[in-house]
Structures are given as structure tokens and as C-alpha cells.
Amino acid sequence: MADFAILAGIHQGFFLILVFTALIPGLKAKALIYQPTRRALANKARWTQFFVWLFILAFAGHLFVTWGYFQSFGWLFLKDKAIGFLPLIVVPLLTVVCISLPRLWQLGAKPGKSQEKPSYIVDNPDLSLLSENAATLEIAGLLEQDNAQPTESELVDVDLRKSASAPELIVPLQATVLGSVTACFLQLFFPAVTLEPSILLFAWGVLVAGTSALWIMQSWQQQRCSRSSEWKPPAPLFRFLRGTAVLLLLATGSFFWGNQALLASKLPAQFKMTDHTNIDTGHGTGLFARAQSAQAGHDRAASAIQAVSVAELTGPREGEADRQFTLTAQKATVRLSSGKTMEAWTFNGQYPGPELRIKQGELVEVVLENKDIADGVTIHWHGLNVPNAEDGVAGATQDAVLPGETHVYRFYANQAGTFWYHSHQQASVQVRKGLFGTLVVEPAASTEGAESSIRDLTVIHHKPKGEGATINGADTLLMQTVSPGTPVRLRFINAENMPITYQLCGTPFQVVAIDGNDVNEPNLIANQALQLGAGGRYDLYFTMPDRPVLFASAGKGKTAEKGLLLSPDGSGEVPALQEGVPLFDPARYGAPMTLPFDLRTPFDREYEMLFDVAFGMFDGRFEGLWTINGKVFPDTPMMMVAEGDLVKVTFVNRSFMDHPMHLHGHHMLVLTRNGKPVTGSPWWTDTLNVAPGETYEVAFRADNPGLWMDHCHNQDHASLGMSMHLLYEGVTSPYEFGHATRNHLE
């Protein structure tokens with residue numbers, strides 16, 4: 001949702017505004033004591049009041065954005081703000097309104113006229129006479145301002161100076177600054193504080209301790225300046241040096257804190273996924289429900305004698321394969337359809353890699369060879385539920401295959417549908433460089449005649465690093481000849497990090513499958529754009545008309561410079577892309593049917609995943625991090641399940657970017673979107689795009705034992721923390737990842 005992304009940006013901007021608008025009255029109130037005359041003190045107090053009200057106005061705007069808009073997305077979007085951030089500002093602000101503002105009002109009252117004439121007028125009879133004239137009073141005022149010293153009655157006396165330096169006046173304003181800074185810090189660096197009570201308690205400890213220290217220091221200052229009527233403020237140079245010393249002290253503390261955070265953020269040199277200590281069993285859902293990590297890890301280790309290793313969860317090792325393929329990972333120079341050349345990492349020297357077509361139920365054997373990819377490679381079968389050891393995740397289900405090495409994958413292709421394969425070693429780098437290809441599993445029950453009559457086309461969208469988008473490796477418009485009346489199945493795959501939007505122009509069509517899962521009674525639709533998240537797939541079906549049909553990327557002002565053009569004679573006029581067409585909605589498409597489970601079914605385990613963005617250190621670098629429940633990998637929670645469990649997961653995207661969540665080894669049934677049940681065909685998916693502001697409830701049956709990744713398929717997000725795992729009880733893994741191993745983070 002684009003409006004939520006804008007809202008999230010405004011919300012974060014408000015925190016910075018609050019810090020700035022709180023700082024001004026805090027500094028001005030601190031300077032009240034340095035005013036030499038009652039009039040100057042009153043003016044300064046009135047200006048301080050003005051800036052206090054300006055802060056209150058900014059805070060009211062912040063509340064309007066937070067409560068007036070975020071509440072429409074649900075409590076999970078408000079929880080951290082209502083429990084974590086806002087109270088840190090509200091509590092000191094209430095003391096400002098109740099205590100500081102009345103005192104400022106008294107100090108800002110206009111000083112009464114002196115009963116005695118200023119001494120310089122008494123000593124000058126001429127001015128004494130002129131002073132009865134209103135016009136000359138102005139001249140007298142100028143003379144007083146420029147040439148005369150104020151009288152004792154115009155000076156700030158001891159009592160007034162004591163009131164102007166009272167901790168009750170100054171400290172609430174300073175505490176509001178401290179609360180605003182703390183809330184801003186939490187918002188930027190710890191977005192899910194209510195899931196970490198220790199962080200929240202630490203923040204309140206900082207506020208209370210800081211306020212106490214400020215109160216003590218302000219009390220000392222009040223005592224010093226009210227001892228004598230001859231008190232003089234410190235020299236400006238001294239005040240400047242004192243402020244500089246404070247800033248240097250804060251800068252030094254921040255440097256050492258940052259350096260420690262940098263060192264602490266270093267990923268371990270060697271780490272086993274199954275040694276994870278942040279365990280979520282899915283049995284608790286409250287604010288303090290996830291304090292079970294260390295004990296759970298210990299209990300699991302104690303039962304390791306009965307455990308099964310990931311390395312044992314293989315496909316059949318014996319028997320002749322029905323299909324055999326060899327994929328060689330190698331660097332190559334590829335020529336695009338425009339004639340432009342590109343340095344790529346390829347399978348078998350092709351970009352994309354060769355399409356693998358197999359029949360449902362066949363035993364498949366794929367030999368992976370690494371010719372010259374120095375960091376090593378693997379192959380993950382995206383969307384195809386294979387045994388865990390065949391899943392191809394470096395450091396979890398196997399070791400990366402280094403140059404000169406080979407690895408054999410063997411599995412039964414039990415699902416028919418559209419899938420794809422790619423390397424899962426540093427995928428954010430390797431997939432973008434070209435280590436991917438298409439995988440099609442054709443139904444076993446299809447008749448030979450019916451199968452041969454369908455024109456089956458695969459279209460995979462990809463964007464190499466530093467290049468424009470490609471379709472099947474082409475950067476220009478592809479053209480194919482299709483006879484009118486021919487049934488066409490177009491398998492659409494998004495191998496890019498971001499959601500993409502395409503249009504099929506020139507014919508009505510059906511969406512017959514989503515992520516390799518058939519749609520029940522698909523409707524015939526037209527003039528709808530297809531938005532597909534990263535890693536997702538749509539299968540389209542239509543009958544070729546007697547005119548050209550275009551499948552191309554849609555967008556405002558776009559022309560069909562790239563895409564696929566089908567026509568009866570291999571040419572013809574290119575159909576125009578339409579603007580303003582609605583998006584295809586899989587939650588309302590097709591006909592409902594009986595489900596194996598729904599919202600009324602008792603679930604064995606329930607999990608909640610909150611997606612946020614935060615700033616912080618990651619592996620020794622300062623980055624914008626993508627968090628799950630406030631954590632980044634490897635500290636993200638490990639979801640524990642037992643074989644046979646029915647599991648429900650709630651995805652909540654509170655960040656400003658899409659997160660296509662991909663669960664390996666399983667298919668999820670989408671139950672609700674933004675609180676509303678899915679009403680169309682059962683929506684089964686393995687890669688669910690969760691847009692900013694969206695909430696999904698999904699469920700799956702834990703029927704494929706192993707250690708499975710569950711991560712954002714925007715691979716850049718996964719490489720910066722948005723990755724976690726699903727672990728079956730009793731499963732261990734001998735593989736490790738880290739700088740000291742051959743297996744590296746996404």
C-alpha cells in the first residue's frame with residue numbers, strides 16, 4: 001500500500017520534529033536565569049511558552065497520524081507506539097503542562113510600573129518635564145536602553161532568579177527532550193520494543209535516571225544563583241567551553257557505544273542453525289511470551305541422542321532416475337537480444353539457465369558442477385517440496401559446492417506446476433548475476449493429445465545488476481507465431497527482488513494456477529493487471545485470437561519495448577498497454593471449495609511475525625536493517641514444530657517496503673488479508689507478498705520434517721537480516737555457516 005509507505009515515512013519524520021521542537025523550549029528555559037532585567041526575563045519566558053505550545057502542536061499532529069490513521073490497520077500497528085514510544089513523551093509532557101507552563105505564565109507576566117522614576121530622569125530636570133509628554137517618553141526609553149543602567153527595581157532579584165531556575169520549571173522541559181530523544185532512538189533502532197521488555201525497561205531507566213540527574217544539577221544551580229543578590233552569570237566563554245565539553249563527552253560515549261555495537265554485530269565465524277537459542281514454540285502469544293530461549297535450546301540438546309540429521313532426510317539414493325540433468329555453474333559473457341553483452345554467472349553458459357521440464361511423479365537427478373564460481377554454489381528448487389537434504393540451502397541443508405566439486409540432487413517431483421531454481425549461496429548476489437532458471441512439472445495424468453495441442457510458454461522476469469529488466473534473458477520485445485484457436489498456457493515467473501506488474505493485452509484470460517497450485521473454477525477476466533511478488537508465479541490460460549496478444553510490463557507512460565508478443569503471423573501491430581486498470585485480486589478470484597482447515601480449526605501452534613525497518617550494526621557495518629519481531633538473523637526467532645502440527649502464522653508488515661515471504665518445503669493456505677477472509681478459490685502459496693500496511697493470516701500442515709528457511713525473497717532484505725528458520729523437533733544439522741566456513745549469508 002503506497003499510502004502506508006508514505007504514512008510510515010511521515011511518522012518517522014515526526015519523531016525528529018518532536019526532538020527539535022522539544023529542544024528549543026528546553027534551551028530557552030535554561031537561559032532564563034541569565035536575563036539581567038525583569039523585562040528581558042518576561043520576554044524570554046513568553047518566547048519559551050510559545051515554543052512549548054509549538055511542541056504540543058507537533059505532538060498533537062503526531063498523535064493524529066498515529067491514532068487517526070495507524071489504528072485503521074489494527075492494534076499490531078499501534079502496539080509499539082502506544083506501549084513503547086509515546087508514553088516516554090506523554091509522561092514528561094504532562095508535567096510540563098501541569099507544572100512548567102503555569103510557572104512560565106507567571107514569569108512572562110508584564111512587570112509592573114515602578115513607583116519611582118528612574119534615577120537618570122530625577123537627576124535631569126529637563127527630562128523630568130519632558131517625561132509628561134508621550135512622545136518624549138519614547139525618547140526617554142531609548143535613552144534608558146542605550147545610555148542608562150537599569151535601577152535596582154528593574155533588575156532580577158534573588159527571589160525571581162530562584163523562581164526562574166527552579167527544577168520544577170526547568171527539569172520537566174528537559175525531561176521532555178530526553179523522552180523525545182529516547183523514543184526517537186527506539187523508533188529508529190528498536191522498532192519492536194514491546195517484544196523486548198528488557199529494552200523497554202532500559203529506556204524508562206534512562207529517562208528516570210536522566211531526569212533525576214537533571215533535577216539534582218538544576219537544584220545545585222538554583223542554590224548557587226540565589227545565595228546573593230550580587231550573583232553574576234558565568235562568562236559566555238565559560239558557558240561555551242562547558243557546552244563543548246558536554247558535547248565531546250556525549251560524542252565520546254556514542255563512539256565507544258557504536259564501536260561496541262559494531263563488534264557485537266559481527267556474525268559468528270561458525271554457527272549451526274540448530275544451535276539457535278531464540279526459540280519460539282508457538283504456544284504463547286502475549287507481550288512477554290517469548291522468554292523461553294535458553295531453556296528450550298537446552299531441552300532440545302538434551303534429546304539430541306534421538307535426533308535425526310538433515311543429511312539423512314534425502315531423496316532416494318538408489319534406482320535409475322527418470323530424468324537426468326547436469327547444471328554447470330560458470331562465468332560467461334552472454335549476448336542479449338539487443339546485441340549488448342553482459343558478464344554473467346550462468347548454468348551451462350546460458351542466461352537464464354536451461355529450462356528443466358519433467359513429469360509429475362518422476363524421479364529426478366540433477367548433478368551440480370561448479371566450474372569457476374569462487375564462493376561456491378547450490379541449487380534450491382523454489383516452490384517444489386523436496387526432502388530437506390535436497391533443498392539446496394548452504395549452511396542449513398548442505399555445504400556450498402566449491403570450484404571443481406559436484407553435488408547430486410535426487411527427488412521425486414510429486415507436485416505439478418510452475419517453479420524455478422536458483423543458487424541459495426549468497427543469493428542476493430548470485431541470483432542477480434544469473435544463477436537461476438525455470439522448472440516445469442507437467443501433470444502425470446494429462447493425455448498425450450491434449451498436452452500436445454497446448455502451446456506451453458514460460459516467461460521469467462529478471463533484472464541483472466546494473467542492467468535493465470529482461471524477459472527470458474531478452475532485453476527487447478520477443479515475438480512468436482501462434483495460430484488462432486490454439487490453447488495457450490503462459491507460465492509467468494518473477495525472479496526479481498521487487499513486485500512487478502504485467503498486462504496481457506488483446507484477449508480475455510484465466511489465472512489457472514498460483515505458485516504451482518491450481519485455482520478452482522477460474523473466472524474469465526480481461527483488462528486486469530497482474531502484480532506478482534518476488535519469487536511468485538502465475539499461470540495464465542487463453543485461446544489465441546486472430547489478432548496479436550501482448551504480455552508486457554505495465555506502468556504509467558510505459559510502451560511495450562520489452563515483453564512477449566504472440567501473433568498469427570509472427571508480426572502485427574503491438575497492442576497498447578492500458579492505464580488505470582485494476583489489479584488482479586487472488587483473494588476474491590475463483591470459486592471456494594472444501595478446505596482441510598480454516599480459522600475455526602484448532603491450531604497446534606501459532607506464530608506472529610512483525611516486519612519492520614531499523615538502523616543498526618550488522619556484521620560490522622552500519623545498515624538499514626529489515627527485522628522480524630525486532631531482530632535480525634541469526635537472532636530472529638526459530639519456529640519449532642512437531643511433525644503433524646497444524647500451524648498458523650500472522651504476517652504484519654509495518655515497514656515501507658514489500659516483503660515476499662517464502663517458506664521452504666511447504667505450501668501455505670492464505671486464510672485472511674487485513675482481517676477479511678479469503679472468499680475465492682483456496683489460495684495456496686509458497687511466496688506471499690506482504691505489502692506495507694498489510695496483515696495476513698496463513699496456515700500449513702507440518703508434514704515435511706527438516707530445517708527450513710522462511711525468509712523475505714527480496715534477497716537484499718534477506719541479506720540484511722530478514723531471514724529465519726522452521727525447525728522440526730528432533731532434527732539436527734551438521735552444517736555450519738559463517739566467515740570461517742564455506743557457507744555464507746544470503
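Asp 515 is buried, with a relative accessible area of 2%. This comes from a predicted model, and the residue is a handy place to begin a tour of its local features. Asp 515 sits in the loop that links β16 (510–514) to β17 (517–518). Its backbone also deserves a look: phi is positive, at about 50°, although Asp 515 is not a glycine. Most residues other than glycine have a negative phi, and most peptide bonds are trans.

Gln 426 likewise has a positive phi, near 50°, and is a residue other than glycine. This glutamine belongs to the loop between β9 (417–422) and α12 (427–433).

Tyr 351 and Pro 352 are joined by a cis peptide bond, with omega at about -10°. Pro 352 is found in the loop connecting β4 (341–347) with β5 (353–359). From Phe 633 to Pro 634 the peptide bond is cis too, and here omega is near 10°. The loop that holds Pro 634 runs between β23 (621–628) and β24 (638–641).

Glu 694 is located in the loop between β30 (687–690) and β31 (695–701). Although buried, Glu 694 has no salt bridge. Its nearest side chain of opposite charge belongs to Arg 673, 5.0 Å away, whereas a salt bridge is counted only within 4 Å. Glu 694 does have polar neighbours, however. A polar atom of its side chain lies 2.9 Å from the backbone nitrogen of Ala 691. The side chain of Glu 694 also makes a polar contact of 3.5 Å with the side chain of Tyr 696.

An open sheet is built from 5 strands in the order β13-β21-β20-β15-β18, and the pairing is mixed. At the edges stand β13 (477–481) and β18 (530–532); each has a single partner strand, so one side of each is left without a neighbour in the sheet. From one strand to the next, the twist averages 15°.

Key:
Residues numbered from 1 in each chain as written. Predicted model: local features only at pLDDT ≥ 70, side-chain atom pairs only at ≥ 80, totals over all residues. Heavy atoms only, no water. Helix = DSSP H or I, 4+ residues; strand = E, 2+ residues; numbered from the N terminus. Buried < 20%, exposed > 50% of the residue type's maximum accessible area, 1.4 Å probe, protein only. Lys, Arg positive; Asp, Glu negative; His and termini not counted. Polar contact = N/O pair within 3.5 Å; in protein donor to acceptor, adjacent residues only side chain to side chain. Pairing = 2+ DSSP bridges. Axes fitted to C-alpha atoms, helices over the stretch in contact; angles between N-to-C directions.
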